[in-house]
Amino acid sequence: MARTMETLFESSRPGRKGYALPELDVPAVDCGSVLEGFCRETAPRLPEMAEVDVVRHFTRLSKLNYSVDEGFYPLGSCTMKYNPKINEVAARMPGFSRIHPLQPVETVQGALRLMYDLSAMLAEITGMDAVTLQPAAGAHGEQTGLMMIKAWHESRGDTKRTKVIVPDSAHGTNPASATVTGFDTVEVASDADGMVDLDSLKSLMDDSVAALMLTNPNTLGIFEKHILELTETVHRAGGLVYYDGANANAIMGKTRPGDMGFDVLHLNLHKTFSTPHGGGGPGAGAVGVKAELEPFLPAPVVILRDGRYALAGDSERPRTIGRVRSFFGNFGVLVRAYTYIRTLGPDGIREVSEMAVLNANYLAKKLSSVYPLAHRGHCMHEFVLNGGPLKHETGVSSMDVAKALIDAGYHPPTVYFPLIVPEALMVEPTETESRETLDRFAETMEAIAAKARAEGPEAFHDLPVTTPVSRPDETTAARNPVLRWQFEK
Amino acid sequence: MAKIPQDLRYTKDHEWIRMEGATGVMGITDYAQHAMGDIVYVELPDEGREVRAGEDFIVVESVKGANDVFSPVSGTVAGVNGDLDGAPELLNEDPYTNWLVRLEVADPGELDSLLDAGAYAKLVEELEAESE
């Protein structure tokens with residue numbers, strides 16, 4: 001098999017079909033007479049292929065993919081935990097998979113109950129009062145949350161709050177979501193321990209600040225020790241505090257954002273609650289709020305009325321920010337997350353976080369002799385290694401280490417993030433990995449460092465050698481992106 | 001070792017500024033472009049925009065991530081470097097010739113609070129030692 005593949009457009013041959021239609025036995029309709037000016041004049045240039053070639057194309061592609069079902073995937077900040085197969089069994093039950101969102105509510109009571117109960121469980125886990133399941137993923141959840149924050153300030157006649165504060169270690173989506181929602185972002189510095197600098201935050205607070213966005217534990221895998229002071233500082237100045245739930249896997253059953261003083265949060269069901277993601281399936285970014293913000297939740301809202309589940313639309317929710325997603329979000333993902341929570345129960349959910357933190361600290365300790373930790377002390381569910389010293393000593397960068405890991409059969413950690421650590425390698429092992437897997441990964445990382453010392457950077461330039469394309473030219477791709485097939489070269 | 005011209009003023013966030021009469025010409029330092037890696041996109045502000053010292057008003061994107069650039073002094077954007085449009089790599093090639101923005105500087109006295117070449121060189125030296 002060739003190492004690289006033809007695209008569907010290259011495989012296409014004029015007239016080749018994957019279907020055979022019977023002769024037309026109804027009167028032909030002239031397109032122009034029905035659609036008038038909207039009839040296209042040339043056929044779309046879709047690939048023409050036989051069914052077998054289409055199937056082979058996508059099967060080959062799937063075999064080139066790397067997934068958590070195949071191996072260890074310590075991609076920091078992404079929580080690539082194993083997705084239990086019982087989730088798939090539940091999601092395929094006909095009562096969930098063979099229904100239509102426009103069916104009368106009396107005929108889909110089970111599906112509505114699942115959404116109602118899942119919202120309640122997520123509210124309990126996070127310490128919030130109400131949850132919407134509409135947003136399609138994390139950044140969408142952030143935007144939904146910020147829209148509610150904006151609506152809340154405006155409902156109080158407070159229209160001068162134009163700023164959102166984000167830490168310098170934040171996920172890139174935080175400032176992006178704030179900008180898309182119409183806020184200016186202001187960065188707050190981290191202190192020497194990698195936590196938000198309280199004095200810097202205080203100096204930024206005034207009546208122009210709408211919210212602080214924070215993830216806790218933060219992107220260095222450190223729990224913000226001063227969290228209550230941070231949220232109180234923002235509240236005292238009239239702002240709200242947003243919790244980016246990307247790192248919620250570290251704290252479930254242990255502490256709750258609602259108890260830390262957060263007003264709005266999102267959870268990535270596709271990270272924390274074990275639904276497939278990363279090219280493997282759509283996400284779901286449930287958003288939770290405190291009671292004060294509840295009237296602004298996106299409508300329709302699933303409610304329980306006289307023992308029956310119903311949908312409360314705009315007319316019953318006059319202050320709603322409106323729909324943020326067609327129908328009810330990625331429903332199949334919600335079924336999987338619900339199944340996960342019900343399978344584990346409260347004790348199991350707590351153990352998830354305990355094991356995630358234990359695994360991260362175990363692996364951090366093992367690796368720290370070769371790659372120093374970016375910050376001192378214990379970590380939560382993930383940690384950041386500093387690849388700077390290895391690069392300085394040997395010329396082998398964190399990118400080279402990542403490429404060598406691919407050849408060793410691993411998905412590399414997140415590299416060059418967070419931005420405040422040069423040559424960062426961000427590792428999140430998750431709770432689902434065995435000690436043997438962690439030991440083998442540590443041995444591989446040690447072997448890579450030894451190779452760097454013995455052979456230098458030249459030995460890494462051509463890695464990876466096991467993939468169809470070795471090193472895509474990221475710089476050219478970013479400077480001159482070609483985003484669709486070019487028919488005419 | 002990063003290049004640090006003697007005749008410029010610097011910020012601790014790795015911007016440089018040079019006065020040409022009442023106008024300040026600013027850009028990012030050699031250390032900054034090297035730390036960012038291959039620069040792939042530069043988002044420049046509109047002319048006429050007013051900025052305060054320390055305000056982020058430019059975004060420089062590299063293959064590693066997006067970085068805010070902060071204004072060294074308060075003032076008004078009097079011009080932007082159009083050469084960078086479609087050629088962001090110029091910042092990697094020579095970050096001192098290839099400036100980002102011209103600023104109508106509100107208070108030239110503010111420049112005194114910026115670092116001189118010696119102080120900035122010391123900062124860079126510390127940072128380089130820290131990452132080793």
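Biologist: Which elements of chain A do the buried residues of α8(A) pack against?

Modeller: They pack against α7 (138-155), β2 (163-167), β3 (184-188), β4 (209-214) and β5 (240-244) of chain A. Helices here are DSSP runs of H or I with at least four residues, strands are runs of E with at least two, and both are numbered from the N terminus. This is a predicted model, in which local features need pLDDT of at least 70 and side-chain atom pairs count only at pLDDT 80 or more, while totals for chains, interfaces and linings use all residues. Residues are numbered from 1 along each chain as its sequence is written, and chains are lettered from A and ligands numbered from 1 in the order in which they are written.

Biologist: Which residues of helix α8 are the buried ones?

Modeller: In helix α8 (residues 173-180) of chain A, they are A:Thr173, A:Asn174, A:Pro175, A:Ser177 and A:Ala178. A residue is buried if 20 or more other C-beta atoms lie within 10 Å of its own, exposed if 12 or fewer, and partly exposed in between, with C-beta atoms placed from the backbone.

Biologist: And what follows α8(A)?

Modeller: A:Gly182 follows α8(A), and its phi is positive, near 100 degrees.

Biologist: Why does A:Thr79 count as buried?

Modeller: A:Thr79 counts as buried because it has 25 C-beta neighbours inside 10 Å. A:Tyr416 also counts as buried, because it has 22 C-beta neighbours inside 10 Å.

Biologist: Where are the cis peptide bonds, please?

Modeller: One joins A:Asn216 to A:Pro217, with omega near 0 degrees, and A:Pro217 is in the loop between β4 and α10 (227-236) of chain A. Another joins A:Phe417 and A:Pro418, with omega about 0 degrees. A:Pro418 is in the loop between β11 (414-415) and β12 (424-427) of chain A.

Biologist: What does A:Tyr242 contact?

Modeller: Leaving aside neighbours within four places in sequence, A:Tyr242 is in contact with several residues, including A:Gly145, A:Ile149, A:Leu212, A:Phe262 and A:Val264. Contact requires that the C-beta atoms of two residues, placed from the backbone, lie within 7 Å.

Biologist: Is A:Ile149 buried or exposed?

Modeller: A:Ile149 is buried, with 27 other C-beta atoms within 10 Å. A:Ile149 is found in helix α7 of chain A, and beyond four places in sequence it touches A:Ala210, A:Ala211, A:Leu240, A:Tyr242 and A:Val264.

Biologist: How many residues of chain B are in contact with chain A?

Modeller: 12 residues of chain B are in contact with 13 residues of chain A. On the chain B side, they divide into 5 nonpolar, 2 polar and 5 charged. Ala, Val, Leu, Ile, Met, Phe, Trp, Tyr, Cys and Pro count as nonpolar, Asp, Glu, Lys and Arg as charged, and the others, Gly among them, as polar.

Biologist: What ipTM does the predictor give the complex?

Modeller: The predictor gives an ipTM of 0.75 and a pTM of 0.88. The mean pLDDT of chain B is 93, and 98% of its residues reach 70 or more; pLDDT is the predictor's confidence in each residue, from 0 to 100.
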